[in-house]
Every structure is written in C-alpha cells, then in structure tokens.
Amino acid sequence: MAFLGTLMVQAALLSLPQITSGSVYDNVASRNTSNASSEIGGPFHSTDSQNPPQFEITNVSMEENASHLMLLSASEAAHGSGQHFYAEVCAALNCHRSLPLSNVRNFGEAAVGKSGGTCVVAFRGTANLPDVMQDASSYNLVPFGCSGCRVGAGFVSGYESVAGQIKGALRSLGCHSVAVTGHSLGAAKAVLGMYDLARSGFHIDTSYVFGEPRMANGAFQGSFHSVVHAAVFRVVHGKDPIVTLGGPGASAVGSEIYEAGNSPLTDHLHYAGVDMTTCMPDGVPGGAAEERAGEEAADAAEQAAHRVPGGEQAVQAAESAAECCMRMKWSCCIPR
C-alpha cells in the first residue's frame, strides 16, 4: 500500500508543477484523519516519533485510562522496545534486509522468527506490481471468516497465499503464541493473520501494525474481537493518507496509537522513528533523503503559490484534486 499511496500522491503533484505542496494535502488529510480516529478503540497520542511515545488516552474513564496505561506498560516490558522494535522488523522485511529475529523463515511476502522467547510473524508492505494489484482489488469486500464478515479481496488473497507456510513455520519452531506485525498492505494481512491463527489454536500476543488501511466491515470487527483477546495496536503517523483508504463500509482494526507527523506526502513512510521504505519498492530509485528534499520543495512551492494572484484558488483546486486521488475517484483526480 505504501507504493500505491506514493504513486497516487506523486501523480497529483506532477499534474500541478506550480503549486505542489505537502501543505496542499494538510486539510484533506486532517479531515480524513479525524474520521480515522473514530475507528474501533480510542486513540493514544505520541508527540515525538523519534523517541519512545508518550501516550494520551482520550474519551475513556479514569479507570479505563489506568487500565490502558498498565496494559501498555506491561506490553512494552514484555516486548522490549515495543512499537519501535516491530517497526524495525517491518522495515527490514520491506527492504529485504536481515530481520532482527532469530530462526527466521522468510517467504518474501511474510516472515516468521523469534525475538527471545516470543514468536513473531511479519507481513511485507507493497513492494511490486502484484502487491499493487492486491491493494487496488481490496476496495472490493468479499466474505471471509464468519457469516456476514467482509474483507478487502486483495488482502484476503494475499494472506491466503502464505497462510499455510506461516502456520507450518510456527509449528516447526514450536510456537504456541505469536505476535503479528505489518506495515501498510502488510498491516491488513497481519490483522487477517491474527484472526486466522487464533482460530487455528495459536494464542495471539500483544501486536502492533503500522499504517493500516480500512480493511473490513463491522461484522468482521465483532468476530475479530471475539476470537483475538490480545491487545492489538494500530499506529497512525500524522496525516498518513493510506489509513483513510478502504472499501465501502470498511474500517481499521485495533486500538489507535497516534504519532505526530510532518506531511501527508511522507508520513506513511516513517513510523516509530523508523524509515519503513528507505530502499523504495524493489529497487526503485529514492529513499529517505529524496523524500525529505521533495517535502521541503513542496512546502516552498505552497508558500510561493499564496503570494501570487489566483494562488489561493489554485491551492483549493489542488486540495480538491488530492481528495479525489486519495479516494481513487479518477474523474476528478487530475485538475482540468
């Protein structure tokens, strides 16, 4: 999903050479992010993605606040560096690097290994054209798991293609409980993995996913929480536009942890202080330095647009086009 989201944003930007900007997308993404915050589970807020996050828990009672904080503290203690560690796992899998795990079984789309005594399953984000097709087809929801449950079709086919290998690897490692993680497309597959593994007799440990799109309907949400009894945290970085995407009636799974971000153009590519796709998909030129340079150029272009006659109207047109692109409404994605 990271590659697909990057391509969409780049397409909109390339069509607007005079006013391309990270700020053009700010209002669009902030509106969408406010909607995302209403998903299952209250948000936790982190103000600095470069350091261990400080959490602000909202819209719950004092007793629930205390319970959530105790849960987070126990989770961090049990899993070392918590979400930062799992972000490192995802980044390594995304970029075909050695994973910070032992006894690794790597299947390309997913990997299984151990961190100390904890078994871990990780799912890779979008890295090639077949992955892009999985992303695109996931706007169509199909039956999965329970009566009335519907999940993005591409997420289902992608998970099912490696499910047998994952279960075999876990059994060969003697795993009875497992933490599951993934970024972007991999986050959606990770949620399906937790659900399927729990139904297959594995105990799910506290798990983190990053940049998860809206992937399933309400029936799946209910069935998921009846089967998976672990704490499942979905981390949202700033104005990441991918977390707002999904099929009709779909929403994300898990309790939200919010990390303050910088730009909807790059927030999807950085989580918990980790560059998730520094390699870029399967050798495509780019990386963190290019992302930062592009973000700075976009900010400068935005400021310049406001200083010329008609600039405000042009920015508004670009913002409207960006919203269309993020929702894959191609008829209005490119301004005419």
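**Exercise 1. Are Glu256 and Arg234 buried or exposed, and where do they sit?**

Step 1: start with accessibility. Glu256 is buried, and Arg234 is buried too; here buried means under 20% relative accessible area, exposed over 50% and partly exposed in between, with a 1.4 Å probe and protein chains only.

Step 2: keep in mind what you're looking at. This is a predicted model, where local features need pLDDT of at least 70 and side-chain atom pairs count only at pLDDT 80 or more, while totals for chains, interfaces and linings use all residues. Residues are numbered from 1 along each chain as its sequence is written, and side-chain values use heavy atoms, leaving out hydrogens and water.

Step 3: check the pairing. Glu256 makes a salt bridge with Arg234, with the closest N and O atoms 3.6 Å apart; the rule asks for a side-chain nitrogen of Lys or Arg within 4 Å of a carboxyl oxygen of Asp or Glu.

Step 4: Helices (H or I, at least four residues) and strands (E, at least two) are DSSP runs, numbered from the N terminus.

**Exercise 2. Which residues are linked in a network of salt bridges?**

Step 1: get the total. The salt-bridge count comes to five.

Step 2: look at one pair. Glu109 and Arg124 meet through their side chains, N to O at 2.6 Å. Glu109 lies in the loop between strand S2 (102-106) and strand S3 (110-115), and Arg124 in the loop between strand S4 (118-123) and helix H5 (129-137), so the pair ties together parts 15 residues apart in sequence. Both Glu109 and Arg124 are buried.

Step 3: widen the view. The network links Glu109, Arg124, Asp131 and Lys189.

**Exercise 3. What ties H6 to H7, and how do the two helices cross?**

Step 1: find the salt bridge. The side chains of Lys167 and Asp196 meet at 2.9 Å, N to O. Lys167 belongs to H6 (residues 153-172) and Asp196 to H7 (residues 185-199), so the pair ties together parts 29 residues apart in sequence. Both Lys167 and Asp196 are buried.

Step 2: take the geometry. The axes of H6 and H7 come within 10 Å and cross at roughly 55 degrees; axes are lines fitted to C-alpha atoms, for helices over the stretch in contact, and angles run from 0 to 180 degrees between N-to-C directions. H6 and H7 are therefore oblique to each other (under 35 degrees is roughly parallel, over 145 roughly antiparallel, 65 to 115 roughly perpendicular, the rest oblique).

Step 3: list the contact (heavy atoms within 4.5 Å). H6 contributes residues including Phe155, Tyr159, Lys167 and Leu170, and H7 residues including Leu185, Lys189, Leu192 and Asp196.

Step 4: sort by class. The H6-H7 contact has nine nonpolar, two polar and three charged residues; Ala, Val, Leu, Ile, Met, Phe, Trp, Tyr, Cys and Pro count as nonpolar, Asp, Glu, Lys and Arg as charged, and the others, Gly among them, as polar.

**Exercise 4. At what angle do H7 and H8 pack, and which residues meet?**

Step 1: H7 and helix H8 (residues 218-227) pack at about 50 degrees, their axes 9 Å apart. H7 and H8 are therefore oblique to each other.

Step 2: Val191, Leu192, Met194, Tyr195, Ala198 and Arg199 of H7 meet Phe220, Ser223, Phe224 and Val227 of H8. By class, that gives eight nonpolar, one polar and one charged residues.
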